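Keep the structure open as you read.

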Amino acid sequence: MDRLWWNHITKAHKFMEDIVHTAVEGKSILLSLPENVPWRNTLLELVEDQLKLENPKNSFEIISCPEEEAGLYLLNQFCPEERRSSYRYGMTYASFLGQCEDTVLNDRYLWITDIPETKYDEWMNFIIEYNKNVTNKTPAIFILEINKESFVHSAKKGLKKMIFSQNIGAYDQFAFCALAATENSCKDYLRPYLAELVATLCRDDMELCAECVRMGSRFLEDPIRVIHQIKEEKYRSDGNAYCFSKNNEEIKTFIWETQLKHVFPAIEKYRSHFIKKYYAAIQSALPISSSYGELVDKPEDVEIGTLLYLAANGRILVNTNEYQELELYRNSRNKLAHLNILESDAVELILSARAY
């Protein structure tokens, strides 16, 4: 699922490629990723692989933000001892390292992670000053990974700003769920509904979406239970627990919205099919008053509740199976109209008959 997201979802793949292209162009990046960025380790691997293809001369290193000052850390880690000895107090670490031409720092892509908010400005200011002091050499390229998106908006110029949430939208998240749904054993006619329901409920966390889609029919039977089960038993790719803040009532509302979008049109198709099949019998029973007291004189305008009433009173001759089917569709429509969600078996029966 990780490669599906980063390689086959267009905007996710472009986001990854933009990181690579920006770094190859020699620009450092202020990168805003959410805490639940999908398959972060895979993103790092793909970026590293692409950078090696584009520029094999440079090494790629991931550094967890050190406690010590950014410049001092880089001086100690990437300058040989004899070069460090030429550093003089009064000169900033950024200016010294920017002017150094004989340090391995010059051949590095450095991805800095786990940066506390209190050190955002320190790292950014170091990079800006470092770049101003670079003259006759290829500089180190920094990728600062931060989680506070608001900081990126207010940060001063000097680094390329890239924000995950501005590049990935709801359609990309649905597209992932739709592609992922093709890889499980769920019945074909249920896959669009599965993808929509998972994307609606879990769209803020693609890894949770992947787990829910993988459950297929079990998820459709009881989404609430499955989500709670995943939270209790599964872990994200980075080892962290899944978070899901929606309560059961909110979940039910999202289920209802998804059923309204997928099941309600299927009910209307069935109503239209039934009317075409029994057009003459329905026409002979008209005019008739609707449940709202309006006079209905066209078969096309007869609601499904009225059709059931006519069938129950022998005005439309149907067999037992047809009557039970008509009753199922009427009851399902009424439930949805009154903001109630349908049982999974009713949803499956209705969606399986989309050929109407």
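A residue counts as buried here when its relative accessible area is under 20%, and as exposed when that value is over 50%. Keep in mind that this is a predicted model.

With that cut-off in hand, start with Phe274. Its relative accessibility is 3%, so Phe274 counts as buried. Tyr278 comes out at 13%, so Tyr278 is buried too, under the 20% limit. The rings of these two residues, Phe274 and Tyr278, form a tilted aromatic pair, with 4.9 Å from centre to centre and 45 degrees between the planes.

**Aromatic rings**

How many aromatic pairs are there? The count comes to 13. One of them joins Trp6 and Phe164, and this pair is edge-to-face, with centres 6.4 Å apart and planes at 65 degrees. The Trp6–Phe164 pair links distant parts of the chain: Trp6 belongs to helix α1 (residues 2–8) and Phe164 to helix α9 (residues 164–167), 158 residues apart. Are these two residues buried or exposed? Both Trp6 and Phe164 are buried.

Ring pairs tie Trp5, Trp6, Phe15, Trp39, Phe164 and Phe176 into a cluster.

Two packed helices are described by the angle between their axes and the distance between the axes. Here are those values for two helix pairs.

| Helix pair | Axes come within | Crossing angle |
|---|---|---|
| α17 (residues 304–312) and α18 (residues 320–337) | 9 Å | roughly 150 degrees |
| α10 (residues 170–181) and α12 (residues 206–215) | 10 Å | roughly 30 degrees |

Take α17 and α18, which cross at roughly 150 degrees. Angles over 145 degrees count as roughly antiparallel, so α17 is roughly antiparallel to α18. Their crossing is left-handed. On the α17 side, the contact is made by Ile304, Gly305, Leu307, Leu308, Ala311 and Ala312, while α18 brings Tyr323, Leu326, Glu327, Tyr329, Arg330 and Arg333. Sorted by class, the residues of this α17–α18 contact are eight nonpolar, one polar and three charged.

Now for α10 and α12, whose axes cross at roughly 30 degrees. Angles under 35 degrees count as roughly parallel, so that is how α10 runs relative to α12. The crossing of α10 with α12 is right-handed. Which residues meet there? Gln173, Phe176, Cys177, Ala180 and Ala181 come from α10, and Met206, Cys209, Ala210 and Val213 from α12. The α10–α12 contact has eight nonpolar residues, one polar and no charged ones. Phe176 turns up in this contact, and Phe176 is also part of the ring cluster.

**A look at Met215**

Stay with helix α12 for a moment, where Met215 sits. Met215 has 19% relative accessibility, which is under the 20% cut-off, so Met215 counts as buried. What does Met215 touch, leaving aside its neighbours within four places in sequence? The contacts are Val226 and Gln229. Phe174 lies 41 residues from Met215 in sequence, and their C-alpha atoms are 17 Å apart.

**What covers helix α4**

Last stop: helix α4 (residues 70–78). Its buried residues are Ala70, Gly71, Tyr73, Leu74, Leu75 and Phe78. What covers them? The cover includes the strands β2 (59–64), β3 (108–113) and β4 (141–146), along with the helices α5 (81–84), α6 (93–99) and α7 (120–133).

Notes: Residues numbered from 1 in each chain as written. Predicted model: local features only at pLDDT ≥ 70, side-chain atom pairs only at ≥ 80, totals over all residues. Heavy atoms only, no water. Phe/Tyr/Trp six-rings, centres within 6.5 Å; stacked < 30°, edge-to-face > 60°. Helix = DSSP H or I, 4+ residues; strand = E, 2+ residues; numbered from the N terminus. Buried < 20%, exposed > 50% of the residue type's maximum accessible area, 1.4 Å probe, protein only. Axes fitted to C-alpha atoms, helices over the stretch in contact; angles between N-to-C directions. Parallel < 35°, antiparallel > 145°, perpendicular 65-115°, else oblique. Left-handed = near helix turned anticlockwise from the far one by under 90°. Contact = heavy atoms within 4.5 Å. Nonpolar A, V, L, I, M, F, W, Y, C, P; charged D, E, K, R; others polar.
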